[in-house]
Amino acid sequence: AAWILGRDSGLRELRSHLAEAATRADPGLALLLSIVGIACCLGFVAAVLARFVIAAMLVVGLPVLAAGSVTPGGPGLRTGIAWVVAVVAFQPLSAAVYRVGHGLALHAQAPVLVLLIPGLTLFLAASTLPLAARLAGGGR
């Protein structure tokens, strides 16, 4: 994902921009947006952990799905392949979402937007796993 984010991630600039926005924002609103950001961060951690669990289940279950796909009404190999694509595509897709969110947060001027964008970025990055599976044909 480093090729998407680039050599200089600009983390220091983002950190200083977020700190400045937190000092300019209303304290109650900043606290609320911080709680929302922490919840989104925990959701992203759950998506990353789910990715590892799904990958392990696919390693074990894909041969079973392949064997069951030869019988009519058996489990679908297409769903398994869709989840393999989703697990593989999760890192570059989430890196692209990070890059867009990073740029939006750096260029936003309103303190509320600067504090809201990182949480939404993590939420959207976490949602790329099921979205990739659905786009690959695993969702009904």
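This is a predicted model: local features need pLDDT of at least 70, side-chain atom pairs count only at pLDDT 80 or more; totals for chains, interfaces and linings use all residues.

Reader: Are H3 and H4 roughly parallel or roughly antiparallel?

Author: Helix H3 covers residues 27-68, and helix H4 covers residues 77-107. Their axes lie 8 Å apart, at an angle of about 155 degrees. Angles over 145 degrees count as roughly antiparallel. H3 and H4 are therefore roughly antiparallel.

Reader: Which residues of H4 meet H3, and how many charged residues does the contact have?

Author: From H4 come Leu77, Gly80, Ile81, Trp83, Val84, Val87, Phe90, Gln91 and Tyr98. The H3 side includes Phe44, Val48, Arg51 and Ile54. By class, the contact of H3 with H4 has 15 nonpolar and 2 polar residues, and the charged count is 1.

Reader: Is the crossing of H3 and H4 left-handed or right-handed?

Author: Handedness is a separate matter from the angle class. For H3 and H4, the crossing is left-handed.

Reader: How is H3 oriented to H5, roughly parallel or roughly antiparallel?

Author: The axes of H3 and H5 come within 8 Å and cross at roughly 15 degrees. Angles under 35 degrees count as roughly parallel. So H3 and H5 are roughly parallel.

Reader: Which residues of H5 make the contact with H3, and how does the contact divide by class?

Author: The crossing of H3 and H5 is left-handed. H5 brings Val112, Leu115, Leu116, Gly119, Leu122, Phe123, Ala125 and Ala126. H3 answers with residues including Leu29, Leu33, Cys40, Cys41 and Phe44. The contact of H3 with H5 divides into 14 nonpolar, 3 polar and no charged residues.

Reader: Which residues of H6 make the contact with H5?

Author: The axes of H5 and helix H6 (residues 128-135) come within 5 Å and cross at roughly 35 degrees. H5 contributes Leu124, Ala125 and Ala126. On the H6 side the residues are Thr128, Leu129 and Pro130.

Reader: Which helices each supply at least two residues to the lining of the second largest pocket?

Author: This pocket has a volume of about 180 Å³. Its lining counts 13 residues. Those that supply at least two each are helix H2 (11-24), H3 and helix H5 (111-126).

Reader: Which lining residues lie nearest the centre of the second largest pocket?

Author: By class, the lining of the second largest pocket has 10 nonpolar, 3 polar and no charged residues. Nearest the centre of the pocket lie Leu18, Leu33, Ser34, Leu115 and Pro118.

Technical notes
Residues are numbered from 1 along each chain as its sequence is written. Side-chain values use heavy atoms; hydrogens and water are left out. Axes are lines fitted to C-alpha atoms, for helices over the stretch in contact, and angles run from 0 to 180 degrees between N-to-C directions. Helices (H or I, at least four residues) and strands (E, at least two) are DSSP runs, numbered from the N terminus. Angles under 35 degrees count as roughly parallel, over 145 as roughly antiparallel, 65 to 115 as roughly perpendicular and the rest as oblique. A crossing is left-handed if the near helix is turned anticlockwise from the far one by less than a right angle, and right-handed if clockwise. Contact means heavy atoms within 4.5 Å. Ala, Val, Leu, Ile, Met, Phe, Trp, Tyr, Cys and Pro count as nonpolar, Asp, Glu, Lys and Arg as charged, and the others, Gly among them, as polar. On a 1 Å grid over the protein atoms alone, a cavity is a set of points where a 1.4 Å probe fits but cannot get out, and a pocket is an open set with protein on both sides within 12 Å along at least five of seven lines; lining residues have an atom within 4 Å of a point. Grid points are joined across faces, edges and corners, and a volume is the space filled by probe spheres set on the points.
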